[in-house]
Amino acid sequence: MTSIPVDLRTLAVVQAGGQGSRMDVLTRERAKPALPFAACHALIDFPLSALAAAGVSDVWVSVQFQSSSLDGYLAGGRPWDLDRTRGGFRRLTPEEGTGTAHEEGFSHGNADGLFRMREAIRAADPHVLLVMSADHVFNLDLRPVVAEHLAREAECTVVTAEIGVQEATEKVVVEHDADGRVTGVRAKPSSTDSGTVASEIFLYHPRTLLAELERLHAALQAGAADDEDTGLGDFGDHLLPALVEHGRVHATPMTGYWKDVGRPHAYLQAHRDLLTGKVDVFDHPGRPVLGQILPGPPGWVGEGGELVDAMVGPGSRVRGRVVRSVLGRGVEVQAGAVVEDSVLLDDVLVEAGSRVRTSVLDRGVRVGRDATVGAPPPGTRLTDEVVTLVGQDSQVRRGTSVVAGARLEPGSTT
């Protein structure tokens with residue numbers, strides 16, 4: 001493996017996103033990267049842990065929506081050893097009064113977001129700019145990726161993942177030759193016979209990136225009516241296709257498990273994968289998944305309680321039956337209750353005799369005695385339409401039935 005120069009300046013930008021509208025009620029009151037995963041982690045843990053394992057110490061986290069829901073968890077970067085006097089962790093939020101309309105407020109996509117922070121990137125003057133999203137489950141050794149990017153003298157390196165062709169129509173499909181040189185990209189094609197997609201992990205030559213962003217901005221603004229939108233959009237709209245035309249964009253395949261969990265069915269499916277042993281992200285002692293370690297007693301299963309292919313977070317108490325499900329911290333499943341094929345976030349109460357199936361219940365939800373939430377899907381394949389979502393601090397009253405695919409807003413009572 002090509003070695004990385006010891007004086008290399010690598011800047012990482014984790015784009016923690018705007019409003020996660022596709023996750024519906026689960027992201028009404030939280031940033032999507034704050035969503036829990038596997039009972040004890042949050043989605044933001046995965047990119048930050050990969051960066052920590054690679055020794056990348058200058059990390060900016062760009063948060064646009066419900067940033068306060070992440071602040072306490074991020075703790076100034078401490079869980080990932082990023083709290084340092086020089087460099088280290090920096091949180092970026094939308095600002096007003098800092099420049100033109102194209103530099104202020106909320107961005108209109110991840111490429112637009114990079115354009116808005118271009119002066120800060122230019123001032124940092126890194127050799128490599130590493131850009132990542134924060135709604136994916138993965139564990140990648142970034143060191144060989146950086147080394148290969150430098151050895152190729154690439155303007156951009158795209159880390160790719162292999163997924164099903166139907167799912168690929170929602171992503172950016174990447175075409176490349178036998179040497180890994182990217183020859184074309186297609187953003188959300190109507191159909192495709194290739195499942196090779198951009199995993200939203202990019203390495204850029206910073207000066208080339210900034211020059212291309214400014215060139216594209218100037219071209220897109222010619223005659224544009226909206227003074228606040230640069231038109232750059234997401235990386236697959238203009239930026240990546242333009243860089244591909246230069247002929248110096250390369251693809252590097254993801255190793256191990258990767259999944260975009262930005263939709264309800266994908267979020268639940270990733271937990272299904274976790275319970276069946278398909279998720280290997282926690283299997284690398286050399287690059288552990290780090291995050292906040294919150295105090296609490298071990299999970300407890302009482303007499304009559306039953307766990308079948310399930311995970312139980314700290315402080316949870318189970319007297320009912322939990323099947324193919326993941327329980328967060330402080331969850332209580334009372335005697336006679338059944339939780340099946342579901343994810344229950346922290347402090348959920350499922351009272352005696354209730355049934356919860358194919359659902360995601362947010363923090364603090366109360367399911368009353370003998371209530372029914374959700375139903376098994378008609379087949380084995382999950383879709384958003386069959387996954388029931390119950391928002392934070394909602395109450396399902398005794399004997400109530402919540403139909404499959406329903407969405408209960410945070411704080412609601414039904």
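Mentor: Aspartate 362 is buried, with a relative accessible area of 1% (buried means under 20% relative accessible area, with a 1.4 Å probe and protein chains only). Keep in mind that this is a predicted model: local features need pLDDT of at least 70, side-chain atom pairs count only at pLDDT 80 or more, and totals for chains, interfaces and linings use all residues. Residues are numbered from 1 along each chain as its sequence is written, and side-chain values use heavy atoms, leaving out hydrogens and water.

So where is it? Aspartate 362 sits in the loop between strand 25 (359-361) and strand 26 (366-367); strands here are DSSP runs of E, at least two residues, numbered from the N terminus. Its side chain makes a polar contact of 2.8 Å with the side chain of arginine 30 (a pair of N or O atoms within 3.5 Å, one able to donate a hydrogen and the other to accept it; residues adjacent in sequence count only if both atoms are side-chain atoms). Setting aside neighbours within four places in sequence, aspartate 362 is also in contact (heavy atoms within 4.5 Å) with residues including Val25, Leu26, Leu345 and Gln392.

Strand 16 runs parallel to strand 19 (residues 326-327), joined by two bridges, and methionine 311 stands opposite valine 326 in strand 19.

Technical notes. Helices (H or I, at least four residues) and strands (E, at least two) are DSSP runs, numbered from the N terminus. Buried means under 20% relative accessible area, exposed over 50%, partly exposed in between (1.4 Å probe, protein chains only). Two strands pair if DSSP finds at least two bridges between them.
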